[in-house]
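Below is a set of questions on how the terms used for this model apply to it. Each answer sets a value against its definition.

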Amino acid sequence: MAKTPNDPRKEIDTLLDERRTFVPPKEFSDVANVSDPEIYDRAGADPEAFWESFAHELEWSEPWSKVLEWNPPNAKWFVGGKINASVNCVDRHVRTARRNKAALIWEGEPGDRRTLTYFDLYREVNAFGGVLKSLGVRRGDRVALYMPLVPELAIAMLACARIGAVHSVVFGGFSAESLRDRINDAEACVLVTADGGYRRGQVVPLKQMADDALRETPSINHVVVVRRQQHDPLPVTMQPDRDYWYHELMMKAPSACEPEEMDSEDLLYILYTSGTTGKPKGIVHTTGGYLVGTYATTKWVFDLKEDDVYWCTADIGWVTGHSYLVYGPLANGATAVMYEGAPDWPAQDRLWEIVERYGVTIFYTAPTAIRAFMRWGTKWPAKRDLSSLRLLGSVGEPINPEAWMWYYEHIGRQLCPVVDTWWQTETGAILITPLPGLTTLKPGSASHPFPGITAEIRTADGQVVTEGGGLLAITKPWPSMLRGIYGDPDRFIQQYWSQWSDGMYFTGDGAKLDADGYFWLLGRVDDVLNVAGHRIGTMEVESALVDHSAVAEAAVVGRTHEIKGQAIAAFVTIREGVSSSDELIENLKSHVVKKIGAIAKPDLILFASDLPKTRSGKIMRRLLRDIADGKTLGDTTTLADPSVVARLQEDYADEQG
Ligand code: WT7
C-alpha cells in the first residue's frame with residue numbers, strides 16, 4: 001500500500017512539477033466495468049447503437065421503433081418506446097435478489113438514521129403515488145418539491161414519475177420569492193414541503209417560507225408537509241382543506257399504485273437554473289433518454305458494482321442530486337448514501353465519520369468542498385477509517401490541481417482514481433469525464449468526452465480549435481440532453497443553438513484542448529457565476545439589488561475566492577439623498593437573500609458614484625472583475641469616463657483597509 005508522505009505539501013509540489021499523470025491501478029482496471037479503449041471508437045462509429053445497448057438494459061413496457069429522431073435542435077430518443085422511471089428505479093429491483101438490498105442509507109444532521117431497502121422504497125413510492133392521485137394530481141401535472149435532503153424527497157420524485165406527473169424540485173436554500181416564481185412558471189398544482197430541515201444545528205423553516213410563497217401561487221391546490229422534526233416541532237400553520245401532513249395521508253394511502261405507461265419523450269421533470277437574464281430557466285428533461293444517460297454514466301463513470309456503497313454529497317435540489325443521487329444510482333440498483341446536513345457539523349470530520357460508518361466505496365463531491373477540507377486540515381480525515389473508498393469523483397466547477405492532489409492523497413490514500421466529471425443541468429448526465437479503469441488522469445483535466453459524446457473547442461465564429469482554448473461545443477445529440485426551456489422555446493434556441501450557424505450545442509463554457517487531446521474546463525464565458533459549485537446569474541443578483549429602494553444601478557461580477565471558487569461582488573450606485581453606510585450594506589445583502597436565497601448573498605458590496613461604461617453605455621464588467629480581484633487594470637481607453645475607475649479603485653482599497 002502506498003504510504004502517505006510526511007510532508008504532503010512538498011510531495012504535491014513535486015508531483016505537479018513533474019506534470020505527473022496517473023495510470024489506473026492494475027487492481028482497479030482488471031475488474032473495471034470498462035477497460036477496453038476500443039469502446040471510444042466503437043461508440044463514436046455508431047453512437048445510436050451504443051446508447052441503444054444501454055437502453056436494452058432498462059425495462060420498457062413497449063420497445064422503441066427508432067433510436068433517434070433529430071430535427072435540430074429538437075431531439076426524440078427511443079421514439080415510440082414506453083417506459084416508467086419509477087419502475088426502473090424500484091419495481092425492477094424488487095423482483096430480484098435486490099429486494100432487500102439497501103437502496104437509501106440516510107443520515108439526518110442531528111444523527112437520526114434510516115435505511116430503506118428497495119422493497120421499502122417500493123411501498124413508499126406506491127403509497128405516495130396514491131396520495132398524490134387522491135389530491136387530484138394527474139398525468140402531466142406539475143408538482144413542486146421544496147424539501148430538506150430526506151428520503152421523502154426521493155420518494156416524492158419517484159411517486160411523481162410513477163403517476164406521470166412532472167416534478168420541479170426547488171432547492172431548500174432558495175427564498176420564498178424564488179419558490180413562488182418557480183411554482184408559478186410551472187403552474188404546479190401541489191407543493192410538497194417539510195416543517196423544517198437541519199443545517200448547522202439550525203432549523204430552516206421551510207413551511208413558513210412556503211406559506212409566504214403560497215400567498216401568490218394561484219395554481220396550488222394542496223400542500224403536503226413532511227414532519228421532519230420529531231421532538232421540537234416548529235410552529236407550523238396548516239390551512240384547512242389545503243395543507244395535509246404527509247404521515248397522515250400515508251396512513252390512509254392504498255398500498256399499490258399502478259405505474260403510468262409513459263412515452264419515452266414525456267416530461268420527467270423541470271429543474272430551474274440560472275442563465276444570463278434575471279429570470280431562471282426551467283430546464284426540461286424527458287423520460288427514456290434521461291434514464292438511459294444517467295444509468296449508463298453512473299455504471300461506467302463510477303464503475304458501479306453490486307456491493308458498492310455509493311455516496312454523492314450533492315443536495316437533490318441541484319441536478320447532481322437528481323441524476324447521481326436518485327435516478328442514476330437507483331436505476332442501477334445501487335446502495336446510495338444520503339446525508340442531510342453540513343459537512344462540519346458537529347465537527348469537521350462528519351463526512352469521514354459517515355464514510356467509516358457505512359463503508360462508503362465511491363465518493364462524489366465538489367471542488368469547493370475539497371478546498372474546505374484542505375483548509376480544515378488532514379487531521380480530520382486521518383481520524384477516520386477511509387480504507388473502504390475505491391473511487392473518488394468531483395463535479396460542479398473546475399478542480400484546481402492542488403485540490404485534486406489533496407483529495408487523491410488524503411481521501412484516496414493514493415489508491416483511488418479521481419474522476420473529474422464535467423456536465424450541466426442542461427446535459428442531464430456527465431459528458432466529459434475519465435473512465436476510471438481506462439483513463440490516464442491529469443489533475444485538473446476532465447479528460448475526454450464519454451463514449452458516444454462528441455465535443456469540440458471552437459472560436460466564437462465557429463473555427464474548430466484542435467489544440468488551445470475556445471468555446472466548448474457538443475456536436476451531436478445525446479439521450480439525456482435538455483428538450484427545452486419550459487414555456488420558452490425562443491430562449492431555448494437563442495441560448496443554446498445560436499452561437500454557431502451550424503446549430504451545435506453551445507455550453508456557455510470555455511475550455512482548452514492540450515496536445516494529448518485532453519479537455520481542460522475553464523469556467524463560464526457568459527454572465528453566469530459559479531459560487532461554491534452553484535450557478536448564479538449576475539443579472540438575477542443585479543435585479544434583486546435594484547429592487548431595493550436605495551439602489552439606482554448595480555453591476556455584479558465574480559471575484560476569486562479561495563474556497564468557493566467565485567464569490568459575488570456587487571458595485572452599487574445609490575439614489576440621490578441616500579447615504580452609504582455599513583447598515584445599508586447589510587440591508588442590501590439581506591435584500592438579496594430575501595429575493596433569491598442565501599446562496600446569492602454578495603460577499604462584497606462597493607458603493608460607486610458611477611459605474612464604468614463604454615461610450616455606448618455598456619457596463620465594463622471586465623474592469624469591475626479586475627477591481628474586485630484587486631488586479632491592475634487592463635486597457636481603459638474605450639471607457640467614457642476613466643476617472644470613474646480610479647475612484648472605484650480607491651474605494652476598493654479603502655474597503656480592503
Ligand atoms: C456548470 C454547470 C452538473 C454539475 C453541477 C453543476 C461548471 C460543472 C464541471 C467540471 C469544470 C464544471 C461548468 C458548467 N462545471 N462541472 N467538472 N469542471 N466546470 O451544474 O449548475 O448546471 O452548472 O458548472 O461551468 O457549465 P450546473
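Two strands count as paired if DSSP finds at least two bridges between them. Helices (H or I, at least four residues) and strands (E, at least two) are DSSP runs, numbered from the N terminus. The model is predicted: local features need pLDDT of at least 70, side-chain atom pairs count only at pLDDT 80 or more, and totals for chains, interfaces and linings use all residues. Residues are numbered from 1 along each chain as its sequence is written, and side-chain values use heavy atoms, with hydrogens and water left out.

Q: What makes β4 and β17 a pair, and in which sense do they run?
A: Strand β4 (residues 102-107) is joined to β17 by 4 bridges, and the two run parallel. The definition asks for at least two bridges. One of the contacts along β17 is Y339, the bridge partner of E107.

Q: Why is β17 described as largely enclosed by the rest of the structure?
A: Buried means under 20% relative accessible area, exposed over 50%, and partly exposed in between (1.4 Å probe, protein chains only). In strand β17 (residues 335-339), 5 of the 5 residues are buried, so the strand is largely enclosed. T335, V337 and Y339 point one way, A336 and M338 the other, and all are buried.

Q: What makes the unit of β16, α12 and β17 right-handed or left-handed?
A: A crossover is right-handed if, with the strands pointing away from the viewer, the path from the first strand over the helix to the second runs clockwise. β16, helix α12 (residues 319-331) and β17 form a right-handed β-α-β unit.

Q: How do you know the span of α6 is close to what is expected?
A: The expected span of a helix is 1.5 Å times one less than its number of residues. Helix α6 (residues 118-134) has 17 residues and an expected span of 24 Å, and its first and last C-alpha are 24 Å apart. Just after α6, G136 has a positive phi of about 95 degrees.

Q: Which residues of α6 are called buried?
A: They are Y118, L121, V125, N126, A127, F128, G129, G130, V131 and L132.

Q: What makes a set of residues a nonpolar core, and which residues have the most contacts inside the largest one?
A: A nonpolar core is a set of buried Ala, Val, Leu, Ile, Met, Phe, Trp, Tyr and Cys residues joined through side-chain atoms within 4.5 Å. The largest has 165 residues, and F128 and Y327 have the most contacts inside it. Helix α7 (residues 151-163) gives the largest share of this core, 10 residues. At least three residues of the core come from each of domain 1 (45-420) and domain 2 (532-655). Another core, apart from it, has 32 residues, including W311, F373, I399 and I411.

Q: Why is α14 described as largely enclosed?
A: In helix α14 (residues 367-376), 7 of the 10 residues are buried, so the rest of the structure largely encloses the helix. The buried ones are P367, T368, A369, I370, R371, A372 and F373. Contact means heavy atoms within 4.5 Å, and the buried residues of α14 pack against α13 (350-358), β18 (362-365), β19 (391-395), α16 (401-411) and β30 (565-574). G377 follows α14 with a positive phi, near 105 degrees.

Q: What makes β22 and β26 edge strands?
A: An open sheet of 5 strands has the order β22-β21-β23-β25-β26, with antiparallel pairing. β22 (464-465) and β26 (519-524) each pair on one side only. Strand β21 (residues 455-458) pairs with β22 over 2 bridges, and V464 of β22 is the bridge partner of R458.

Q: Is Q229 buried or exposed?
A: Q229 has a relative accessible area of 1% and is buried. Q229 lies in the loop between β11 (222-226) and β12 (243-245).

Q: What makes P25 partly exposed?
A: The relative accessible area of P25 is 21%, so P25 is partly exposed. Leaving aside neighbours within four places in sequence, P25 is in contact with L415 and P417.

How values were computed. Domains from an automatic or database assignment.
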